[in-house]
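Please look through the sequence and the 3D structure shown below, and keep both at hand while reading the report that follows.

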Amino acid sequence: MTISAETQSTPNYQAILDQIWSEVAPRLGEGKVASYIPQLATVPLAQFGMAVYTLDGRLFTTGQAQTRFSAQSVTKLFALALAYTREGDAIWQRLGKEPSGTAFNSLVQLEYERGKPRNPFINAGALVITDILASRFVDSEIAVLQFIRQLCGSTTPDFDLKVAQSELQTAHRNYAIAHLIKDFGNLHNTVSAVVRSYCRQCSITLNCEELAKAAAFLANHGTVPWNNQQILDHSSAKRISAVMLTCGTYDAAGEFAYRVGLPAKSGVGGGIVAVIPGEAAVAVWSPGLDASHNSALGTYALARLTDLTWHSIF
Ligand code: DON
């Protein structure tokens with residue numbers, strides 16, 4: 001069935017996902033898998049999955065929505081939300097909330113800006129968030145994993161220690177970033193402990209169904225829709241989503257907002273999670289990345305979703 005945008009006052013999510021799959025299938029294999037983490041380079045390129053979890057508890061899927069993938073920087077969203085539940089606005093004394101306009105792993109601004117990372121979604125900012133969590137929890141990465149499990153109601157999300165080890169062995173840039181932040185006095189734990197926890201956190205694997213469900217509290221103004229547990233108040237949830245919109249897809253945040261029009265967070269494993277406020281959370285995964293390290297087909301699929309449903313924030 002072909003969907004026309006004019007018919008979407010009440011979206012038929014399953015028909016729309018089916019249409020997106022039919023458009024994506026001939027393009028499987030576009031983009032490049034991340035290779036700077038050797039273990040991620042072994043992931044077959046031609047894969048795609050997508051899930052929409054609506055706030056009234058319906059789940060719609062297409063493709064490999066149950067295939068587990070490496071969440072990587074998508075975990076930065078949950079680490080930020082967890083840190084925010086504990087520290088609130090105090091976190092902004094240690095990092096900013098402005099788009100960086102630079103690559104996610106860049107060192108350049110850190111020197112100019114005296115060790116205060118631009119935002120929590122570039123690696124520098126995520127390392128400071130890990131440091132904040134490491135001062136609060138015995139193992140910050142376990143706290144993030146438990147938080148994700150709590151949000152999606154599943155114990156399946158887990159560390160992939162092969163990926164964590166692979167990243168740790170090649171984490172020269174993240175060590176350099178962490179050392180620079182430490183030199184400016186903005187890292188309270190040891191560089192080795194923070195980088196190790198950060199790599200483990202990034203190695204968390206989950207599938208699109210779990211990821212969409214885990215992010216639904218942000219679409220639901222801070223409350224987990226399926227058990228009514230309040231994680232953040234509505235104002236805090238708005239703020240986290242705003243940082244996603246402006247910083248969640250790195251130096252492509254402007255292009256992503258232009259094409260998709262939703263707050264989102266991406267990772268080099270090819271996952272992207274997006275929030276439709278008051279309506280649903282969406283997870284998409286396809287390991288082929290574009291030049292900005294965002295999933296090429298994932299971004300395309302989200303753009304089609306908002307065009308076909310008319311549900312973006314604009
Ligand atoms: O620190 C890194 O480089 C990776 N663990 C995560 C980077 C990432 O996912 C950036 N995303 N697009």
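## The largest pocket

In this predicted model, the lining of the largest pocket is made up, by class, of 10 nonpolar, seven polar and two charged residues. The lining has 19 residues in total, and those that lie nearest the centre of the pocket are L40, V43, R68, F69 and S70. The volume of this pocket comes to about 230 Å³.

## The five-stranded sheet

The model contains an open sheet of five strands, which follow one another in the order β2-β1-β7-β6-β5 and pair in the antiparallel sense. At the edges of this sheet are β2, which covers residues 59–63, and β5, and each of these two strands pairs on one side only. From one strand to the next, the twist averages 10 degrees.

Strand β1 takes in residues 49–54, and six of its six residues are buried, so that the strand is described as mostly covered. In a regular strand the side chains alternate between the two faces of the sheet. In β1 both faces are covered, with G49, A51 and Y53 buried on one side, and M50, V52 and T54 buried on the other.

On one hand, β1 pairs with β2 in the antiparallel sense over five bridges, and V52 has F60 of β2 as its bridge partner. These two strands form a hairpin with four residues between them, and in its turn G57 has a positive phi of about 90 degrees. On the other hand, six bridges join β1 to β7, again with the strands running antiparallel, and here the bridge partner of A51 is A283 in β7.

The antiparallel pairing of β6 with β5, whose residues are 264–266, rests on three bridges, and S266 stands opposite I272 of β6. The hairpin of β5 and β6 has four residues between the strands, and G270 takes a positive phi near 100 degrees there. With β7, which covers residues 280–285, β6 is joined by six bridges, and these two strands run antiparallel. In this pairing I276 stands opposite A280 of β7. The hairpin of β6 and β7 has three residues between the strands, and its G278 takes a positive phi near 75 degrees.

Helix α12 consists of 14 residues, 296–309, and reaches 20 Å from its first C-alpha to its last, which is close to the 20 Å expected at 1.5 Å a residue. Of these 14 residues, 12 are buried, and the helix is therefore counted as mostly covered. The buried residues include A296, L297 and G298, as well as Y300, L305 and T309.

Is K238 buried or exposed? With a relative accessible area of 55%, K238 is exposed, because a value over 50% is what counts as exposed. K238 and W310 are 72 residues apart in sequence, and their C-alpha atoms are 20 Å apart in space.

Most residues other than glycine have a negative phi, and most peptide bonds are trans. Against this background R114 deserves a look, for its phi is positive, near 55 degrees, although the residue is not a glycine. R114 is found in the loop between α3, residues 108–112, and α4, residues 123–134, and with a relative accessible area of 60% it is exposed.

N228 likewise has a positive phi, of about 60 degrees, without being a glycine. Where does N228 lie? Its place is in the loop between α9, which covers residues 208–219, and α10. N228 counts as exposed because its relative accessibility is 62%.

Notes
Residues are numbered from 1 along each chain as its sequence is written. This is a predicted model: local features need pLDDT of at least 70, side-chain atom pairs count only at pLDDT 80 or more; totals for chains, interfaces and linings use all residues. Side-chain values use heavy atoms; hydrogens and water are left out. Two strands pair if DSSP finds at least two bridges between them. Axes are lines fitted to C-alpha atoms, for helices over the stretch in contact, and angles run from 0 to 180 degrees between N-to-C directions. On a 1 Å grid over the protein atoms alone, a cavity is a set of points where a 1.4 Å probe fits but cannot get out, and a pocket is an open set with protein on both sides within 12 Å along at least five of seven lines; lining residues have an atom within 4 Å of a point. Grid points are joined across faces, edges and corners, and a volume is the space filled by probe spheres set on the points. Ala, Val, Leu, Ile, Met, Phe, Trp, Tyr, Cys and Pro count as nonpolar, Asp, Glu, Lys and Arg as charged, and the others, Gly among them, as polar. The expected span of a helix is 1.5 Å times one less than its number of residues. Buried means under 20% relative accessible area, exposed over 50%, partly exposed in between (1.4 Å probe, protein chains only).
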